[in-house]
Amino acid sequence: MVYAIVETGGKQVLVQPGRFCDVELLALDVEAVLTFDKVLLVRHDGGAAVGRPFVEGAAVQGRILQHGKAAKVTVYKMRPKKGYRRKKGHRQRFTRVMIESIDFEGKSFTAEARAEAVSST
């Protein structure tokens, strides 16, 4: 199982080739290709590489699928017996990214390679 942990939008996200992840809104067009170069950890068949703070020479390639909004969060404030009531809602915007490959130590781990390894066993 190959995966990586990348930093984007001030958050750490676990990514795998062939799967999508939702990250903070990115100012890029749909179908644009992007590279995450702030890789904190890479786990592959040969072991794991942990960065201090980032793994040298590691990168994650992805393609933007869509932009959207998360489910609504309702914020309600109230002070009893004072007549103070405030109700607000918020929908966080996000970008959905399909992870195409994880590049590390001259190797490129892709979803196709992972599917072939699973089917051969």
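This is a predicted model: local features need pLDDT of at least 70, side-chain atom pairs count only at pLDDT 80 or more; totals for chains, interfaces and linings use all residues.
**Entry 1**

I looked up Arg96 to begin with, and at 22% relative accessibility Arg96 counts as partly exposed. Residues are numbered from 1 along each chain as its sequence is written, and side-chain values use heavy atoms, with hydrogens and water left out.

Which side chain meets Arg96 in a salt bridge? I found Asp22, at 2.8 Å from N to O. A salt bridge here is a side-chain nitrogen of Lys or Arg within 4 Å of a carboxyl oxygen of Asp or Glu. Arg96 sits in strand 10 (residues 93–104) and Asp22 in strand 3, 74 residues apart, and the pair links distant parts of the chain. Asp22 is partly exposed too, with a relative accessible area of 37%.

**Entry 1: the other salt bridges**

How many salt bridges does a search of the whole structure find? I noted 3.

One of them joins Glu24 to Lys11, with the closest N and O atoms 2.8 Å apart. Glu24 lies in strand 3 (residues 20–24) and Lys11 in strand 2, so this pair ties together parts that are 13 residues apart in sequence. I have Glu24 down as partly exposed at 23%, and Lys11 as partly exposed at 44%.

Another brings together the side chains of Glu100 and Arg63, at 2.9 Å from N to O. Here Glu100 is in strand 10 and Arg63 is in strand 7 (residues 59–69), 37 residues apart. Glu100 is partly exposed with 30% relative accessibility, and Arg63 is partly exposed with 27%.

**Entry 2: the chain as a whole**

Next I stepped back to the whole chain. I counted 1 helix and 11 strands in the protein chain. Helices (H or I, at least four residues) and strands (E, at least two) are DSSP runs, numbered from the N terminus. Reading from the N terminus on, the order is β-β-β-β-β-β-β-β-β-β-β-α.

The radius of gyration is 19 Å, well over the 14 Å that the globule rule gives for 121 residues, so the chain is more spread out than a compact globule. That radius is taken over C-alpha atoms, and the rule is 2.2 Å times the number of residues to the power 0.38. I also wrote down the box that the C-alpha atoms fill, roughly 65 × 30 × 30 Å along the principal axes.

Buried residues make up 28% of the 121 residues. Among contacts between residues at least 6 apart in sequence, 64% join residues at least 24 apart. Contact means heavy atoms within 4.5 Å.

I then traced an open sheet of 4 strands, which has the order 2-1-5-6 with antiparallel pairing. Two strands pair if DSSP finds at least two bridges between them. Strand 2 (11–15) and strand 6 (47–50) stand at the edges with a single partner strand each, so one side of each is left without a neighbour in the sheet.

Strand 5 (residues 39–44) pairs with strand 6 in the antiparallel sense over 4 bridges. Which residue of strand 6 is the bridge partner of Val42? I found Ala49 there.

**Entry 3: the nonpolar core**

The largest nonpolar core has 21 residues, and those with the most contacts inside it are Val15 and Val60. By nonpolar core I mean a set of buried Ala, Val, Leu, Ile, Met, Phe, Trp, Tyr and Cys residues joined through side-chain atoms within 4.5 Å. The elements that give two or more residues include strand 1 (3–8), strand 4 (33–36) and strand 7. Strand 10 gives the largest share, 4 residues.

**Entry 4: Lys88**

Is Lys88 buried or exposed? I found Lys88 exposed, with a relative accessible area of 60%. Its place is in strand 9 (residues 84–90). Beyond its neighbours within four places in sequence, Lys88 is in contact with Val73, Thr74 and Val75. Lys88 and Val73 are 15 residues apart in sequence and 8.5 Å apart in space, C-alpha to C-alpha.

Methods. Buried means under 20% relative accessible area, exposed over 50%, partly exposed in between (1.4 Å probe, protein chains only).
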